[in-house]
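Welcome! Please take a look at the sequence and the 3D structure below, and then we will walk through some of the details together.

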Amino acid sequence: MKLPVPSIAALALSAASLSAVAALKPADLFGEPVRAPSAERAIYTAVADRTITITGDTRWVNVNHYEVVRFAANGSEFTWYFDGMAQPRPFDLSEIAPAGFVGHSVTVYVSPSERDFP
């Protein structure tokens with residue numbers, strides 16, 4: 001049986017797209033911990049836009065795309081720069097928080113920012 005060229009091309013593109021999705025890391029989708037690898041990035045990440053305190057009653061938080069947020073809970077804190085995909089699916093804070101940061105599920109919702117709409 002002889003496969004036509006378009007079928008072979010479609011199979012190759014399909015395999016390439018699957019491997020590209022498999023290579024995504026949580027930071028590609030959700031953003032990255034705040035650190036300043038360059039002088040340009042230091043301008044954006046030097047100061048958190050706001051601090052969100054996570055308590056035992058916190059079930060969800062809303063953040064904006066490109067926002068720098070400091071999360072505080074149980075005497076510890078971490079800061080996250082939400083520069084990943086605009087409007088990723090809602091995700092659990094434990095996917096980006098340090099291990100043991102919070103003992104219950106907290107859903108993070110990322111809203112688009114003004115920068116997402118030129």
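## A threonine in a loop

Let us begin with a single side chain: that of Thr 58 reaches the backbone nitrogen of Thr 55 at a distance of 3.0 Å. As you explore, please keep in mind that this is a predicted model. Thr 58 has its place in the loop that runs between β2 and β3.

Is Thr 58 buried or exposed? Its relative accessible area is 13%, and since buried means under 20%, Thr 58 counts as buried. Setting aside neighbours within four places in sequence, Thr 58 is in contact with Thr 53, His 104, Ser 105 and Val 106.

In soluble globular proteins, nonpolar side chains tend to be buried together.

## A hairpin of two strands

Which strand pairs with β4? Strand β4, covering residues 68–73, pairs with strand β5, covering residues 76–81, in the antiparallel sense and over six bridges. The two strands form a hairpin with two residues between them. In the turn sits Asn 74, with a positive phi of about 50°.

Along this pairing, Arg 70 stands opposite Thr 79 in β5. The side chain of Arg 70 also meets that of Glu 77 in a salt bridge, at 3.4 Å from N to O. Arg 70 is partly exposed, with a relative accessible area of 27%, whereas Glu 77 is exposed at 52%.

## An open sheet

Now turn to an open sheet of three strands, in the order β3-β7-β6 and with mixed pairing. Its edge strands are β3 and β6 (91–92), each of which pairs on one side only.

How do β3 and β7 pair, parallel or antiparallel? They pair in the parallel sense, over five bridges. Here you can find Asn 64 standing opposite Ser 111 in β7.

## The salt bridges

Another joins Arg 50 and Glu 67, whose closest N and O atoms are 2.6 Å apart. Arg 50 lies in strand β2 (residues 50–53) and Glu 67 in the loop between β3 (60–64) and β4, so this pair ties together parts that are 17 residues apart in sequence. Arg 50 is partly exposed, with a relative accessible area of 33%, while Glu 67 counts as buried at 8% relative accessibility.

Arg 89 and Glu 95 also form a salt bridge, with their closest N and O atoms 3.5 Å apart. Arg 89 counts as partly exposed at 48% relative accessibility, and Glu 95 is partly exposed too, with a relative accessible area of 37%.

Conventions:
Residues numbered from 1 in each chain as written. Predicted model: local features only at pLDDT ≥ 70, side-chain atom pairs only at ≥ 80, totals over all residues. Heavy atoms only, no water. Pairing = 2+ DSSP bridges. Helix = DSSP H or I, 4+ residues; strand = E, 2+ residues; numbered from the N terminus. Salt bridge = Lys/Arg side-chain N within 4 Å of Asp/Glu carboxyl O. Buried < 20%, exposed > 50% of the residue type's maximum accessible area, 1.4 Å probe, protein only. Polar contact = N/O pair within 3.5 Å; in protein donor to acceptor, adjacent residues only side chain to side chain. Contact = heavy atoms within 4.5 Å.
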